[in-house]
Structures are given as C-alpha cells and as structure tokens.
Amino acid sequence: MNEPIYVTKPTLPPLAEVLPYLEQIWNSRQLTNQGIFHQQLEAALCEYLGIQHISLFANGTLALVTALQTLRITGEVITTPFSFVATAHSLLWNGITPVFVDIDTNTLNLDPNKIEAAITPRTSAILPVHVYGQPCDIKLIQEIANIYNLKIIYDAAHAFGVEDNEGSLLQYGDLSILSFHATKVFTTFEGGAIISPDKKTKTRIDYLKNFGFADEITVMAPGINGKMNEFQAAVGLVQLKYIDAALTKRQNIDAQYRSMLNGVDGIRCLNTNYIKRYNYSYFPIIIEPKYHSSRDDIYAKLKSQNIHARRYFYPLISNFPMYRNLPSASYENLPNATKAAISVLCLPIYPDLDPFMVEKICQSILEK
Ligand SMILES: *Cc1c(COP(=O)(O)O)cnc(C)c1O
C-alpha cells in the first residue's frame with residue numbers, strides 16, 4: 001500500500017538552519033520568558049503580517065482564553081458552531097455561555113444577518129471565525145458591535161497572511177488570535193498569538209500570559225502561563241523565511257483541484273477569488289445531495305486508498321455533549337451549519353503534495 005496521505009503535512013525548514021539557533025539557546029541558557037528569539041519573532045511577524053502589536057503564545061487555545069480575559073468578557077458570547085472545538089471551549093474556560101448563530105451557506109462563516117436576533121442583555125462580545133482563512137463579513141459585524149456596544153474577537157487561527165484590500169485581516173475587531181499548530185500554514189510545532197490594536201492592550205496581554213506579573217513583585221491579575229518558549233520562537237524565525245514559497249506551492253495545488261473539480265455537477269468549491277491575498281490553508285469541497293456519491297462514501301473510499309481527507313467541521317461544536325443542551329444548539333437554529341457539517345470534505349493540501357496525487361484524489365472523487 002502507498003504511503004498514507006494526510007490532509008496536511010507540516011513543511012519544515014532545513015534542520016541545518018535551525019541548529020545554530022539551538023546552539024545559541026544552549027549557550028545562553030535563555031530558554032523562555034521573552035527571550036531574544038521571542039522578541040525577534042514578534043518583530044518579524046509584525047513586519048511580515050503588516051500589523052502593529054503581537055503577543056506570542058504557547059498555543060492558539062491559550063491565546064483565545066487570554067483574549068477573552070484581556071477584554072474582561074462575561075455573560076454570553078455569540079459564536080459559530082462551524083469551527084474547531086477550541087473556539088467554544090475558550091468560552092467555557094472563562095465561565096461564558098456560548099450562543100451559537102447559524103452560518104452563511106456560501107462562505108460557511110458566521111451569518112451577520114442572524115447575529116442581532118441572538119443578542120440579549122447578557123451579550124458582551126462576538127467571537128467569529130475566519131473559516132479556512134476566508135474573511136468574515138467584517139463591516140457588518142463591526143456595525144452590529146457598534147450599535148450594541150459589543151467587543152469582537154476574531155478566531156483567525158486559519159487566516160495567517162490573508163489580506164483584503166485594506167491589508168491584513170488581523171487588524172479588524174478588538175483582538176484577533178492566530179494558531180501556529182503543526183497543522184496550520186505557519187507552524188512553531190505548537191504556538192499561537194494575539195494581535196492587538198495598541199501598546200497598552202499588548203502590555204496587558206503580556207502580563208496575563210505571564211501569571212499577571214507586571215514586574216518582579218507586582219501581580220496585576222490572575223494570569224496564566226501562556227508563554228511561547230525560545231525553541232518555538234526559533235523554529236518560527238526560520239520557518240518565516242520559507243512561508244512565501246510554501247504559500248505559492250499551496251496556490252498551485254488549489255488551482256489543480258479547481259481545474260478538475262470546479263463546475264462538476266454536485267460538487268462545490270468555495271470561491272476565494274475575491275480575496276486580495278489568500279493562504280490556501282484548506283481545500284474544502286461541498287458534496288451536494290444530487291452528487292452520485294455521498295460525502296461519507298467519498299471519505300471512506302479515499303480512506304481505503306490510504307488518503308485521509310477530513311470532515312472539517314463535523315460534528316458541529318454545538319453537537320458535543322457540553323454544548324448540545326444549550327437552546328442555541330438546536331438543529332432548527334442552525335440549519336445551514338447542520339447541512340455544511342454533513343456535506344463538507346477537506347482534501348489534502350500542503351506544499352509538498354505531489355500533483356500526481358492530487359490528480360488521483362480527484363479521479364477517485366469523480367468516478368462512480
Ligand atoms: C487550530 C485552531 C485553534 C486552536 O489552536 P491550537 O494552537 O491548536 O491551540 C482554534 N481555533 C481554530 C479555528 C483552529 O483551527
């Protein structure tokens with residue numbers, strides 16, 4: 001049997017380029033706590049992403065949990081059920097009640113037209129996700145937040161490097177978070193970040209991720225340990241040199257999939273043409289009911305050929321035991337998300353994926 005093909009495979013820089021960084025860490029004995037590589041990576045990411053302030057984290061989930069703490073969010077938060085489970089878990093870790101709102105059928109992002117009906121006196125924020133790196137309806141979400149005086153935290157875990165006509169997607173809302181997990185386009189093995197609009201907010205975040213320490217003897221809040229260590233930061237610094245080349249390769253794979261699958265009756269590829277700069281982080285297809293095979297049959301068939309596509313995002317977050325009894329978790333409230341969860345399939349996409357394999361995957365999907 002062939003080597004297994006997974007939905008993603010981390011692209012690593014040459015080991016030889018990482019070793020001098022390790023040597024420096026070993027020699028300096030500076031292992032963590034805002035060391036030199038941590039500082040360098042923050043500066044390099046601000047420059048690359050076109051943003052002002054970033055705080056690095058040990059992972060994206062801690063960044064989400066801390067972002068909610070930063071803005072002192074309480075009560076209820078409006079969010080999407082069509083995401084990775086960490087989005088809603090970050091709310092439960094803060095004692096906040098998630099309120100699920102349905103998604104838009106084209107983008108699979110939170111439907112801004114359904115947000116208003118879900119707002120109550122307890123609502124304090126909106127937590128939308130740029131799913132697969134596609135921009136949410138930023139303008140409309142901001143307008144609603146302004147009217148009801150709500151904060152916005154974007155879960156931008158998929159949106160590294162994505163830009164609209166105004167620049168980085170990470171500049172919107174009150175805060176955005178990134179993930180640098182091994183499965184993401186830019187990885188530090190585990191890692192994450194919060195992007196903030198001003199120095200004052202960044203300072204608060206930096207205290208919160210370090211137990212709340214403002215200086216040696218002052219603890220200003222019950223912070224957590226969310227710090228990124230020097231090894232992770234070093235991996236990030238080297239990785240960043242290769243990110244543009246990686247995105248170009250992803251773009252080529254995306255184009256190859258589209259040339260074979262776009263326009264096939266019963267299969268829908270998401271439209272990302274309108275995005276100024278996309279990152280090709282995922283390649284989701286929607287298998288419509290009229291297609292000759294069901295989503296799960298295609299998933300199983302590919303698996304039997306050792307090709308491991310993923311049903312991101314199935315089940316919906318709202319179907320997991322800790323969420324399903326919430327009033328907003330009902331099927332009636334989430335018809336589009338429910339449909340998306342049973343019809344989406346994310347195909348393998350990563351820089352080193354062989355074009356021959358892409359062709360094989362498409363043929364498998366297309367033949368009856
Ligand atoms: C990956 C991911 C996270 C969590 O990030 P980790 O770095 O794995 O903790 C959060 N939200 C979304 C949408 C993700 O895909």
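This is a predicted model: local features need pLDDT of at least 70, side-chain atom pairs count only at pLDDT 80 or more; totals for chains, interfaces and linings use all residues.
Trainee: Let's start with sheets. What is the strand order in the open sheet of 7 strands?

Mentor: The order is S2-S10-S9-S6-S5-S3-S4, and the pairing is mixed. At the edges stand strand S2 (53-57) and S4, each of which pairs on one side only. Averaged over this sheet, neighbouring strands are turned by 25° against each other, with direction ignored.

Trainee: What does "pairing" rest on, in general?

Mentor: Strands of a sheet pair through backbone hydrogen bonds, and they do this in either a parallel or an antiparallel way.

Trainee: OK, take S9 then. Which strand runs parallel to S9, and over how many bridges?

Mentor: That is strand S6 (residues 151-155), which is joined to S9 by 3 bridges. Within this pair, Ile153 stands opposite Leu175 of S9.

Trainee: And how do S9 and S10 pair?

Mentor: S9 and strand S10 (residues 192-196) pair in the antiparallel sense, over 4 bridges. Ile177 has Ile194 in S10 as its bridge partner, and Ser176 stands opposite Ile195 in S10.

Trainee: How many of the residues of S9 are buried?

Mentor: The strand is mostly covered, with 5 of its 5 residues buried. Leu175, Ile177 and Ser179 point one way from S9, while Ser176 and Leu178 point the other way, and all of them are buried.

Trainee: Now the sheet of 3 strands: what is its order, and which sense does the pairing take?

Mentor: This open sheet has the order S13-S14-S16, and its pairing is antiparallel. Its edge strands are strand S13 (267-269) and S16, each pairing on one side only. Neighbouring strands here are turned by 30° against each other on average, again ignoring direction.

Trainee: How many bridges are there between S13 and S14?

Mentor: S13 and strand S14 (residues 283-287) pair over 3 bridges in the antiparallel sense, and Arg268 has Ile286 in S14 as its bridge partner.

Trainee: Changing topic: how much space lies in the largest pocket?

Mentor: The largest pocket holds about 650 Å³ of space. It is lined by 39 residues, of which Phe84, Val85, Lys184, Tyr312 and Phe313 are the closest to its centre. The elements that give two or more residues to the lining are helix H3 (60-70), helix H4 (86-92), strand S9 (175-179), helix H9 (295-304) and strand S16 (344-347).

Trainee: Which of them gives the most?

Mentor: H3 does, with 3 residues in the lining of the largest pocket.

Trainee: What's the split into nonpolar, polar and charged in that lining?

Mentor: The lining of the largest pocket divides into 20 nonpolar, 13 polar and 6 charged residues.

Trainee: Why does the largest pocket lie between domain 1 and domain 2?

Mentor: Domain 1 (15-240) and domain 2 (243-366) both give residues to the lining, so the pocket lies between them.

Trainee: You mentioned Tyr312 and Phe313. What kind of peptide bond joins them?

Mentor: Tyr312 and Phe313 are joined by a cis peptide bond, with omega at about 5°. Phe313 lies in the loop between strand S15 (307-308) and helix H10 (335-343). A cis peptide bond also joins Tyr314 and Pro315, where omega is about -5°, and Pro315 lies in the loop between S15 and H10.

Trainee: What about phi at Leu108?

Mentor: Leu108 has a positive phi of about 65° although it is not a glycine. Its place is in the loop between strand S4 (97-100) and strand S5 (123-127).

Trainee: Why does Leu108 count as buried?

Mentor: Its relative accessibility is 2%, and buried means under 20%.

Trainee: And what is phi near in Tyr280?

Mentor: Phi of Tyr280 is near 55°, a positive value in a residue other than glycine. Tyr280 lies in the loop between S13 and S14, and at 13% relative accessibility it counts as buried.

Trainee: Last one, Lys139: buried or exposed?

Mentor: Lys139 is exposed, with a relative accessible area of 65%, where the cut-off for exposed is over 50%. Lys139 lies in helix H5 (residues 138-148), and its C-alpha atom is separated by 13 Å from that of Ile126, which is 13 residues apart from Lys139 along the chain.

Conventions
Residues are numbered from 1 along each chain as its sequence is written. Side-chain values use heavy atoms; hydrogens and water are left out. Buried means under 20% relative accessible area, exposed over 50%, partly exposed in between (1.4 Å probe, protein chains only). On a 1 Å grid over the protein atoms alone, a cavity is a set of points where a 1.4 Å probe fits but cannot get out, and a pocket is an open set with protein on both sides within 12 Å along at least five of seven lines; lining residues have an atom within 4 Å of a point. Grid points are joined across faces, edges and corners, and a volume is the space filled by probe spheres set on the points. Ala, Val, Leu, Ile, Met, Phe, Trp, Tyr, Cys and Pro count as nonpolar, Asp, Glu, Lys and Arg as charged, and the others, Gly among them, as polar. Domain bounds come from an automatic or database domain assignment. Two strands pair if DSSP finds at least two bridges between them. Axes are lines fitted to C-alpha atoms, for helices over the stretch in contact, and angles run from 0 to 180 degrees between N-to-C directions.
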